[in-house]
Amino acid sequence: MFNAISVDLEDWYHICGIDDASVQSKWRRYSVRLENNVEKLLRLFEQHNVHATFFTVGIIAENAPRLIKKIADAGHELASHGFAHRRIFDMGPEEFERDLVRSKAAIEKAAGMKILGYRAPEWSLKKSNLWALEILKKHGFAYDASAVPLTHLGGRYFGLYPHETKTKYGGIIEFPLSTFRCFWERLPFSGGLPMRINPYFYILSITRKINRLGHPVIFYLHPWEFDSEHEKIELPINRKFMHYCNIRSAEKKINLLLERLEFSTVENVLGLNKSDKHKHVLPIKHDKCYDTHYFKSVLPVSLLILSIYAIMFATAVLAGEYAFLVIILFATIFYWPWGLLFNKINTLFHKNYI
Ligand SMILES: [Zn+2]
């Protein structure tokens, strides 16, 4: 089973909702960092014999066409990530269409190939802006990878796995962000902050579980996650956490996943690639899931859970407040150690629980 691997080709300062002119004036100087980080990614993919989809910000294609050509020549798929990295809900239909057409033209000109896919900046496809899918199909896009089936991001009405959505111009495939179930909510795990804070063994076992049910997982990376030394922008604390937390772990985790799972471009995974040029060759991967890296990543998690329980138990006994245990347990219920535990318990009763 092939999983899709994608890169949001943007730089560290392409953060939605930050309109800092002093930052934007430095964009050209900073683009030097982007090229180095993309080189790192290209070497990594080459080493693992993997082709990826690069959802590219149109401005980058206009400013650095040689970089885009290099990515295309290495056999990777190019797709659109908007022209100016603006969220769909920050634009009306006309503005979105202009931004999309401009990004498509810039990327196709630089890459010398037709593009089929789109991913909205910050997963900004919602029920209120599904008109975006009509516009995508109108301009020849075959798939969209912007939907997130979560209550507070995207929406629960989106399907969990790739499916076709009808528009007046014909069907368009939606490849939603992969998630797993944690009680009544679902949680992401395959890119960005969720991948950086989830332990490696957990990402691997959830992916294998989804694959066993016959569905591919979509992974996503950012070039700036391979460059922990880049300059940091002053951001509100929640966004700072989202962008910079555990940034050093991204490269190691993706390396291990590339060694153990089969990956290809989104168009290949969706069966949209009609030419033989970029068809994947089945790489030889490690069959064993339970190796030293797996157990090394299980160990700290188990120790963490055990020590938290030991501290809670000791505190509750010393204070004689047993309700304390229940409060802490429920207050942290969405955090992964508990998500993991309950997921395991549910698996015992429901074979296809994911
Ligand atoms: Zn982005």
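Helices here are DSSP runs of H or I with at least four residues, and strands are DSSP runs of E with at least two, numbered from the N terminus. By that count, this chain comes to 14 helices and 13 strands. Keep in mind as you look around that this is a predicted model. Of the chain's 354 residues, 36% count as buried. If you take contacts between residues at least 6 apart in sequence, 76% of them join residues at least 24 apart.

**The nonpolar core**

- The largest nonpolar core has 75 residues, and the members that touch the most others are F54, I68, L78, I107, Y143 and I218.
- In soluble globular proteins, nonpolar side chains tend to be buried together.
- Let's zoom in on L78: leaving aside neighbours within four places in sequence, its contacts are F54, T56, I68, I71, A72, I107, A111, M113 and I115.

- Strand 3 pairs with strand 2 (residues 53–56) in the parallel sense, over four bridges.
- One of the pairings to look for is T53, whose bridge partner in strand 3 is E77.

- Strand 8 covers residues 163–167 and strand 9 covers residues 170–174, and the two pair in the antiparallel sense over five bridges.

**Helix 5 meets helix 6**

- Helix 5 (residues 93–111) packs on helix 6 (residues 131–138) at an angle of about 35 degrees, and their axes are 10 Å apart.
- Their crossing is right-handed.
- From helix 5 come P93, F96, E97 and L100, which meet W131, A132 and I135 of helix 6.
- Sorted by class, that contact has six nonpolar residues, no polar ones and one charged one.
- In helix 6, the buried residues are A132, L133, I135, L136 and K137.

- After helix 6 comes G140, with a positive phi near 85 degrees.
- G140 has its place in the loop between helix 6 and strand 5.
- Is G140 buried or exposed? G140 is exposed, because 11 other C-beta atoms lie within 10 Å and a residue with 12 or fewer counts as exposed.
- Although G140 and G117 are 23 residues apart along the chain, their C-alpha atoms are separated by 9.2 Å.

**Helix 8 meets helix 12**

- The axes of helix 8 (residues 200–212) and helix 12 (residues 292–319) come within 7 Å of each other and cross at roughly 120 degrees.
- Helix 8 brings Y200, F201 and L204 to this contact, and helix 12 brings H293, Y294, S297 and V298.
- By class, five of these residues are nonpolar, two are polar and none are charged.

- H85 isn't a glycine, but its phi is positive, near 55 degrees.
- You'll find H85 in the loop between strand 3 (77–80) and helix 5.
- H85 is buried because it has 22 other C-beta atoms within 10 Å, and 20 or more is the cut-off for being buried.
- W123 is another non-glycine residue with a positive phi, this one near 50 degrees.
- W123 lies in the loop between strand 4 (117–118) and helix 6.
- With 21 other C-beta atoms within 10 Å, W123 is buried too.

**P65 in helix 4**

- P65 belongs to helix 4, which covers residues 65–73.
- Why is P65 partly exposed? P65 has 16 other C-beta atoms within 10 Å, so its count falls between the exposed cut-off of 12 or fewer and the buried cut-off of 20 or more.
- The C-alpha atoms of P65 and K109 are separated by 8.2 Å, even though these residues are 44 apart along the chain.

Terms used:
Residues numbered from 1 in each chain as written. Predicted model: local features only at pLDDT ≥ 70, side-chain atom pairs only at ≥ 80, totals over all residues. Core = buried A, V, L, I, M, F, W, Y, C linked by C-beta atoms within 7 Å. Contact = placed C-beta atoms within 7 Å. Pairing = 2+ DSSP bridges. Axes fitted to C-alpha atoms, helices over the stretch in contact; angles between N-to-C directions. Left-handed = near helix turned anticlockwise from the far one by under 90°. Nonpolar A, V, L, I, M, F, W, Y, C, P; charged D, E, K, R; others polar.
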